[in-house]
Amino acid sequence: MSPQARRDDLIQAALDLFGSRAPELVTVDDIVARAEVSRPLFYRYFPNLRELQVQALRTVTDGLIDGLAGLEEGPPETRLRAAVRGLIDVADHYRAGYIALLRSGSVIATSDTDAAIDEVRNRAVALILDALAVTDPSPLLSLTLRCWTAVVEGALLSWLQERTIPREHLDTWLVDQLTAMLAATAAHDSVPSP
């Protein structure tokens, strides 16, 4: 196995374990047992457990950004719905890592993971602006889109933990939420400032 493949295998082992318990409860021994490697081999690729945790969570955020990148052609709503489906797919695939990444107070949260989350949020806002063909958004539109990304994060967190609505309805509901928020913003954007 190449060094990069071995490193990726260790990251995948950690992500698999995050599926059954919180990342802060996963130990080096758990990871090496899952990857079927020795502890010294683990330390050849990662100086410590925290570095592996951060890299595993970075894999999740990279997946989210890649999910946002694959846009379909067509009208804005079709493109947006496809992007939201991509986010749902990645969040579901990396369920525990996604929950750990966004869970408030996670012991593995760092400035690096916070920056990675911001990168996903910024990409989502840029994608929506592109789909709407808006190059110079008003402050209220920018605020609306940032609020909607928070709605998506909260909805995905709840859905991943509770699964109270069918997956096939989640993307439609989230896009409908944005449509309603954009309509409210348009009404207020047309009101002159005091």
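The largest cavity has a volume of about 200 Å³. A cavity is a set of points on a 1 Å grid over the protein atoms alone where a 1.4 Å probe fits but cannot get out; grid points are joined across faces, edges and corners, and the volume is the space filled by probe spheres set on the points. The count comes to one cavity of 30 Å³ or more.

This is a predicted model, in which local features need pLDDT of at least 70 and side-chain atom pairs count only at pLDDT 80 or more, while totals for chains, interfaces and linings use all residues. Residues are numbered from 1 along each chain as its sequence is written, and side-chain values use heavy atoms, with hydrogens and water left out.

Which residues lie nearest the centre of the largest cavity? They are Leu-87, Val-120, Ala-124, Val-152 and Glu-153, from a lining of 22 residues (lining residues have an atom within 4 Å of a point). Helix 4 (49–69), helix 5 (76–93), helix 6 (95–102), helix 7 (111–131) and helix 8 each supply at least two lining residues. Helices here are DSSP runs (H or I, at least four residues), numbered from the N terminus. Helix 7 gives the most, with seven residues. By class, the lining has 18 nonpolar, two polar and two charged residues. Ala, Val, Leu, Ile, Met, Phe, Trp, Tyr, Cys and Pro count as nonpolar, Asp, Glu, Lys and Arg as charged, and the others, Gly among them, as polar.

Next come the helix pairs. Two packed helices are described by the angle between their axes and the distance between the axes. Axes are lines fitted to C-alpha atoms, for helices over the stretch in contact, and angles run from 0 to 180 degrees between N-to-C directions.

Helix 6 packs against helix 8 at an angle of about 135°, with the axes 10 Å apart. Helix 6 is therefore oblique to helix 8; angles under 35 degrees count as roughly parallel, over 145 as roughly antiparallel, 65 to 115 as roughly perpendicular and the rest as oblique. The contact (heavy atoms within 4.5 Å) includes Tyr-98 and Ile-99 of helix 6 and Glu-153 and Leu-156 of helix 8.

Helix 8 (residues 139–162) also meets helix 9 (residues 167–189), where the axes come within 10 Å and cross at roughly 160°. Helix 8 is therefore roughly antiparallel to helix 9. Among the residues in this contact are Val-152 and Leu-156 of helix 8 and Leu-174 and Leu-178 of helix 9. The contact divides into 16 nonpolar, four polar and two charged residues.

Helix 1 (residues 3–18) and helix 2 (residues 28–35) have axes that come within 9 Å and cross at roughly 115°. These two helices are therefore roughly perpendicular to each other. Their contact includes Arg-6 and Asp-9 of helix 1 and Asp-30 and Arg-34 of helix 2. It has six nonpolar, no polar and five charged residues.

How values were computed. 1 Å grid on protein atoms, 1.4 Å probe; cavity = no way out; pocket = protein on both sides within 12 Å on 5 of 7 lines; lining within 4 Å.
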